[in-house]
2 protein chains.
Amino acid sequence: MARSMVVAAAQMGPIARQDSRKQVVARLIALLQEAAARGAELVVFPELTLTTFFPRWHLTDSAEIDAFFEREMPGPETLPLFEEAKRLQVGFYLGYAELAVEEGRTRRYNTAILVDRAGAIVGKYRKVHLPGWDRPQPDLQAQHLEKYYFEPGNYGFRVWKTMGATIGMCICNDRRWPETYRVMALKGAEMILVGYNTPDDHTGSFDFDSLTLFHNQLSLQAGAYQNSTWVVATAKAGLEEGSNLIGQSMIVAPSGQIAAMATSTEDEVVVAKCNLDMATLYRKTIFDFARHREPDHYRLIVETRGPIAGAENET
Amino acid sequence: MARSMVVAAAQMGPIARQDSRKQVVARLIALLQEAAARGAELVVFPELTLTTFFPRWHLTDSAEIDAFFEREMPGPETLPLFEEAKRLQVGFYLGYAELAVEEGRTRRYNTAILVDRAGAIVGKYRKVHLPGWDRPQPDLQAQHLEKYYFEPGNYGFRVWKTMGATIGMCICNDRRWPETYRVMALKGAEMILVGYNTPDDHTGSFDFDSLTLFHNQLSLQAGAYQNSTWVVATAKAGLEEGSNLIGQSMIVAPSGQIAAMATSTEDEVVVAKCNLDMATLYRKTIFDFARHREPDHYRLIVETRGPIAGAENET
């Protein structure tokens with residue numbers, strides 16, 4: 001009999017700057033309960049789930065900045081979510097801004113955790129691909145300052161054997177980079193979880209920004225298909241502090257097919273029963289990595305960060 | 001003013017086993033003339049353009065096999081195509097089965113060449129990702145024996161500065177592997193050319209095979225978008241010797257948008273004017289490789305061919 005897991009993407013509508021953690025956690029618990037009632041065994045919440053998407057602002061007061069970060073997980077305000085998930089025996093993925101003291105230095109990461117059905121944190125991921133800029137861009141109407149607030153994740157891409165599956169995590173912009181999925185697939189990922197906050201005004205160019213929904217879908221479907229893995233992607237969505245965040249939370253099969261998709265930009269749960277053995281056909285034929293990959297010809301992927309000059313064969 | 005190039009995908013309908021090179025080349029010339037009349041400066045023909053797609057059969061007679069291969073390019077039968085292209089001042093990409101003697105040994109490759117507007121061969125590529133099997137599969141109704149007929153290409157992924165652009169080449173199954181596009185993008189590719197023969201019965205599983213058109217489109221759009229490059233993809237299509245080959249030849253923009261797509265499975269030319277500067281916006285923002293890529297975390301991509309065991313974090 002095929003192994004399967006019922007999974008939910010628990011999309012959140014906007015969070016105002018003034019909303020308290022308590023208000024947000026109450027919404028998360030309501031989403032969790034709805035997902036559990038619909039059979040979900042694992043619930044995926046968005047990136048930076050506990051507050052408004054603050055990287056749109058250039059804040060300089062450190063107390064003001066720190067207020068968006070968690071020093072412990074769970075803390076007193078998030079503990080009720082852990083308790084309710086444990087009571088319902090539902091695992092979850094939760095994104096949040098993490099303030100850690102490591103090697104004697106305060107560090108800020110864009111982080112996600114994986115919590116099992118017993119309420120234990122079994123995995124942690126820190127976002128590798130930080131989009132945007134490390135300082136305000138005077139030419140851009142909308143700012144996106146993740147490189148200012150966070151440092152790149154230091155764990156790389158990992159997978160965990162938990163809840164009957166091999167599960168990987170990434171966050172938001174990671175999903176546009178094929179390397180993200182590939183590393184986790186080579187580690188055996190059967191399901192990749194990703195939360196996101198994606199504004200539709202990233203560049204200020206309408207030709208580009210009007211394709212934001214399409215690019216979201218394309219990246220997720222390609223990542224799932226090319227790596228024969230389930231992808232569960234959850235948005236924080238809607239008009240948040242004057243910025244429109246796309247919704248389109250979705251559960252994508254190893255075939256690249258969309259098994260479920262949110263149709264609002266509000267709090268919304270979508271659920272799919274994921275056949276974890278579905279990938280087998282792909283991994284034995286067209287994507288049989290061991291038979292078909294040719295790593296000797298991929299070396300440039302790790303040998304350079306940006307494009308190299310003079311690589312063209314002049315003719 | 002934006003740099004631009006008018007490009008054609010010159011799809012071919014089926015080629016019967018009994019069709020002569022002369023017949024095929026006459027069709028290629030007709031497609032070339034139509035493309036040139038519609039303004040094309042570069043025409044992309046399919047993979048293994050000169051014969052039927054013979055890897056569907058398990059042939060053992062070497063004379064019979066060699067008859068599908070070219071020993072020289074151009075040879076007497078293909079020279080008229082080169083001459084007409086030169087007369088029309090149109091460059092082209094042509095896929096063919098190549099028989100080469102290298103290091104004292106006969107070698108067979110699935111090859112494509114790039115010919116400039118003066119009729120000179122300026123680039124050669126040999127297919128890296130050979131799909132299918134190296135021996136007949138008794139469980140499969142349809143055979144796909146590229147690993148039996150060819151050895152993997154030994155040039156890797158290259159780009160050429162020619163005809164006013166930086167152009168890369170790959171072939172068929174290469175387009176499903178994100179590494180293909182990435183290596184060429186890191187070498188500065190602005191346009192990637194790919195010919196293909198894609199049967200719709202690869203696995204014999206309807207769940208998989210019925211998605212063949214979708215997977216073609218998904219792979220090409222993702223490759224273009226994630227690498228900010230034009231992709232020109234051309235099929236050999238239609239019912240060929242009892243096997244259905246998909247069409248859907250297309251020209252995809254760096255945005256992932258489809259600029260042109262064939263709607264038949266016959267000989268058909270589709271043309272698009274490609275703005276070669278369109279990628280700039282993407283390469284300066286979301287896909288600014290030098291600012292955003294994190295190669296330290298990609299190492300597994302080149303360190304292993306297939307999935308590695310024991311990479312999961314047990315919990």
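## Ground rules

In this predicted model, local features need pLDDT of at least 70 and side-chain atom pairs count only at pLDDT 80 or more, while totals for chains, interfaces and linings use all residues. Residues are numbered from 1 along each chain as its sequence is written, chains are lettered from A in the order in which they are written, and side-chain values use heavy atoms, with hydrogens and water left out.

## The annotated domain

An unreviewed UniProt entry places "domain: CN hydrolase" on residues 5-278 of chain A; such annotations may be inferred rather than shown by experiment. The span is 24% helix and 31% strand, and its end C-alpha atoms lie 12 Å apart. Helices (H or I, at least four residues) and strands (E, at least two) are DSSP runs, numbered from the N terminus.

## The interface

Chain A brings 77 residues to the contact and chain B brings 76, with contact meaning heavy atoms within 4.5 Å. Together the chains bury about 7300 Å², 63% of it on carbon and sulfur atoms; this is the accessible area (1.4 Å probe) lost on being put together, summed over both. On the chain A side, A:Trp177, A:His297 and A:Arg305 lose the most area, together 10% of what that side buries.

## Salt bridges across the interface

The rule finds 6 salt bridges between chain A and chain B, each a side-chain nitrogen of Lys or Arg within 4 Å of a carboxyl oxygen of Asp or Glu. One of them joins A:Arg182 to B:Glu179 at 2.7 Å, N to O. Among the elements giving two or more residues to the chain A side are helix 5 (178-186) and strand 6 (159-162), while helix 7 gives the most, with 8 residues.

How values were computed:
Buried area is the accessible area (1.4 Å probe) that two parts lose on being put together, summed over both.
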